[in-house]
Amino acid sequence: MQIAPLPSDEQERLATLKRYDILDTEPEPAFEAMVQLASHICKTPIAVISLIDEHRQWFKAVVGLDVRETPRDVAFCAHTVFHGTTMIVRDALEDERFVDNPLVIAAPHMRFYAGVPLVASNGQLLGTLCVIDRVPRDLAPDQLNAIETLAANVMAYLELRLSHKQSQQYLDELHRTQAQLQARQDLLIKLSLYVPGMIYQYRLFPDGRSCFPYASIGINDIYEVTPEQVVDDASPVYAILHPDDYDAIVASIQESARTMQTWHLEYRVNLPKKGVRWLLGQAGPESLADGSILWHGFITDITERKHAEAALAESRNLLQVIIDSAPVRIFWKDRESRYLGCNPAFARDAGVAEPSDLIGKDDTELGWREQAALYRADDRRVMDTGIAKKSYDEPQTTPDGNQIWLRTSKVPLFDPAGEAIGVLGIYEDITEYKQAEQQLRIAATAFESQEGIIVTDADGIVLRINQAAVRITGYSSAEIVGKTPHLLRSGRHDAAFYKAMWDSIHRTGTWESEIWNRHKNGEIYPEHITITAVKDAEGNVTHYVATFNDITLNKKAEDEIRNLAFYDPLTQLPNRRLLLDRLRQALAASTRSCKKGALLFIDLDNFKTLNDTLGHDIGDLLLQQVADRLIACVREDDTVARLGGDEFVVMLEDLSEQDIEAAALTETVCKKILEVLDQPYRLAMHDYRNTASIGATLFKAHELTIEELLRQADIAMYQAKKAGRNMLQFFDPQMQENITARVALEGELRRALEYGQFRLHYQIQVGSGNRPLGAEALIRWVHPERGLLSPAVFIPLAEETGIILSLGLWVLETACVQLKQWECSPLTSDLQLAINVSALQFHQHDFVEQVRHALHRSGVKPGRLKLELTESLVLKDIDDTVRKMEALRRLGVRFAMDDFGTGHSSLSSLKRLPLDQLKIDQSFVRDIVVDVDDAIIVQTIIAMANNLGMDVIAEGVETEAQRDFLAQHGCPVFQGYLFGKPIPADEFESLLQQFVRAENA
């Protein structure tokens, strides 16, 4: 049994869990309803909301178990929390992590598990929502989507509980403070330092001037100004009012002045440091002798309350969507069995247009009035006993008079005091299922035949087998009914085989092939089998029927014929005939995939001497052992063949589209073969060592004939023998040189990072009037022999080898240190610095933490760091991208989309991304003044950015004409050689001084 390791941030995760104050609390109807819904949707007997603390997993809500917690060491959910993604265990007895887990081998005898992480707002994983079954199985996509949605709703409800608690504490404190202010005016000044928000006086003069004669120190938090800044002039406050609320604020002040009624308003401000915040202001007006109005009041920050309200609304909307979208009928009634609500599917069954039309009615008023007394008795029994009634069949009369069958579950609804106040019901129409049962009974007379027949339900559970199936498999009906056909699996077919099988069944409704299965006595035998999906009138699968025959005798005859025709009798390797056939297939596959393969011609060195000295029997033993070693050196899909004598051929497929990379992979395999064949052999009573010479050639599609490929590999092999034996030679010598150069460059690149040979150069970014706004940091390699190298020389190799991860982290940390140094100079203190982030670097699981640590260690302001992402990066996994970008945005980091317009991002994807800036690619800017298409593209990008509220910057600006065109069409920021090339930090600061002097001239 594997125990899930602790997450790296376990203490922070446990602190987050403790903050939610949920452990060891009493059951709550909302959570209970969610696990009931999860159990029903996924059709599992067990569903749990599990929370993982230091020593255990504790169940907040549970269906199907009579325990509230288990040790953490045996918890499947602990693995889900550690990995941080949805985990599905289709059969625990086939998973080495859980095969001997106490929860699997003893009660509750878990076989299937699907767990969705419960992710807190700070990214910490608190536990899971999981469904469990005692048989192996899988989830349909809509079931998986449903429990993932329910998990999000569970987390939203937890967030809501926490926000409600904090908001209530805040409101209670606010009410107490207001009461004290009303009762004890004389303590205002003394208490102002401790009251949340600010206490103030605001004065509006007849000529329109305004000021704050008094403001408590809380104005620093509310408006990020000091009392002294507004004592004579209120304009600093007006400057930060949110533009969407500005007119409403001014109008409300004027209305209060006109009516002399209390001013009361919720509004937004856009603070320089905190960004957008919600404020609540309240003040009483007083008319002064000079005609001015003086307000006395207070202002508090209600941002958290607003967020809590939004979260509550979103949670309610999500729950409503789940109810409305669920593929079952859902309804809920009061204690008198009057309907309180339902989903649209139930409303349609009841014959009403909208769910609201059903509220207040009972079953005697609906089309199924004949069953009303039965339904009411069921409702009463569930409410009086407090025990759910699950999955029972009952009749119903439809509004048009037809009778159908329903499979219904009902659970009681409780008020906070634990009193039953109603019932929640869920049902599905099983009429066709009932009819199918009748049809199966009719078909029973035709069931027994000479072919084996197994019938399962839609979930793969065996319902019935005939006597021929008993004879073929060795299992009696009692031994297999109720189980799945998995117990017949031989183990010879992988998951891809079964996936292809089920893909065919789902797509065409049938699958026919030969398959290996296991007899009850353990023998593996071949079958010819046909599997057919049985569907109802609506196209839904209700059963699967498999018919099969044992073809052992046929297979033995076929195998004997095939071995004689295609395999070498000494080594059992493919012979020349089979090799040529597989080579033809490989060439065809290469045409489709565009990936290269390789042909290796292997000849044993000095084999004739062995035959002449020790005899051909010993030589045959060597050939057999060489064959075994060659097979162990290659992949299962590669081919090892013997052409005759001591000549072997290895065919490698699906290597790479690139020549260099394909050759490098080929060289790796050849080195392994040479090393393995050079190991000692035991040949009867003799110890023997032998080497081999290898000739290699690459192939792609049908560029060369099969004969030409074999001849090239043969020639290369003889070149290897000429060069001294026990070595590899490629047919193309230039390929060898390229491989050597690539390996050397990779080694130099790794040492360059270790020896500190990289530098950052900075290219200026300017706004209108050539005002410097920031820079882009671009990496350069100061090679000790080749001088300054462009990123184009080494970045692609860094990406391929993974060195980009260390290189990208170095760029991030170096840029943050540079930004911190710039803060010390007025010349550079306001500049932003952009760095490029690779896809491999961004999609690391801990990338957000890397940025957070770099910012923390350098002490730089996060808002001055900008990360440039490419379109291909953000579209690779857009959900993961949005999640990470939002986490970094909360830190203050800004984002730009680099090379915009060159990729394939859709507007819908673009709207989801929290971008601050679009960067127009230089390929569009280069010919912008002469190419109409480029001009239109650039104008469209600028308009799109403006409409989405994003900034826009153009790179590659090299001429005045390009800059003028961009500025004329609304692009305010530029980067390119017209303003400066990428240069070191000290030269960059000198360049900034030139811009300042030019601006002041």
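These are my notebook entries on a few places I looked up in this structure, which is a predicted model.

**Entry 1: a sheet with S23 at its edge**

I started with an open sheet of 5 strands, and I wrote down their order as S23-S24-S22-S27-S28, with mixed pairing. S23 and strand S28 (728–730) are the edge strands, each pairing on one side only. From one strand to the next I noted an average twist of 20°. I then looked for a helix against this sheet and found H19 (residues 576–593), which packs on it. Helix H19 touches strand S22 (597–604), S23, S24 and strand S27 (692–699). The direction of H19 makes about 140° with that of S23.

**Entry 2**

Next I followed S23 to its partner. S23 and S24 run antiparallel, and 5 bridges join them. I looked up two of the facing residues: Val640 stands opposite Val650 in S24, and Arg642 stands opposite Phe648 in S24. The hairpin has 2 residues between the strands, and there I saw Gly645 with a positive phi near 55°.

How many of the 6 residues of S23 are buried? I found that 5 of them are, so S23 is largely enclosed by the rest of the structure.

**Entry 2: Asp646**

I stayed in the hairpin for one more residue. Asp646 sits in the loop between strand S23 (639–644) and strand S24 (647–652).

**Entry 3: two crossing helices**

I turned to helix H21 (residues 616–633) and helix H22 (residues 659–677). Their axes come within 10 Å and cross at roughly 145°. I noted that H21 passes H22 in a right-handed crossing. On the H21 side the contact is made by Val626, Arg629, Leu630, Ala632 and Cys633. On the H22 side I found Val669, Lys672, Ile673, Val676 and Leu677.

**Entry 4: an antiparallel sheet**

Here I looked at another open sheet, with 5 strands in the order S8-S7-S11-S10-S9 and antiparallel pairing. Strand S8 (210–215) and strand S9 (263–271) stand at the edges with a single partner strand each, so one side of each has no neighbour in the sheet. Neighbouring strands are turned by 35° against each other on average, direction ignored.

I followed S9 to strand S10 (residues 275–287), and the two pair in the antiparallel sense over 9 bridges. Within that pairing, I found Leu280 of S10 as the bridge partner of Glu266. Helix H10 (residues 246–259) packs on this sheet, touching strand S7 (198–204), S9, S10 and strand S11 (293–301). Its direction makes about 150° with that of S9.

**Entry 5: Pro27**

My last stop was Pro27, in the loop between helix H1 (10–19) and helix H2 (29–42). Leaving aside neighbours within four places in sequence, I found Pro27 in contact with Glu32, Lys60 and Arg68.

How values were computed: Residues are numbered from 1 along each chain as its sequence is written. This is a predicted model: local features need pLDDT of at least 70, side-chain atom pairs count only at pLDDT 80 or more; totals for chains, interfaces and linings use all residues. Side-chain values use heavy atoms; hydrogens and water are left out. Helices (H or I, at least four residues) and strands (E, at least two) are DSSP runs, numbered from the N terminus. Buried means under 20% relative accessible area, exposed over 50%, partly exposed in between (1.4 Å probe, protein chains only). Two strands pair if DSSP finds at least two bridges between them. Axes are lines fitted to C-alpha atoms, for helices over the stretch in contact, and angles run from 0 to 180 degrees between N-to-C directions. Contact means heavy atoms within 4.5 Å. A crossing is left-handed if the near helix is turned anticlockwise from the far one by less than a right angle, and right-handed if clockwise.
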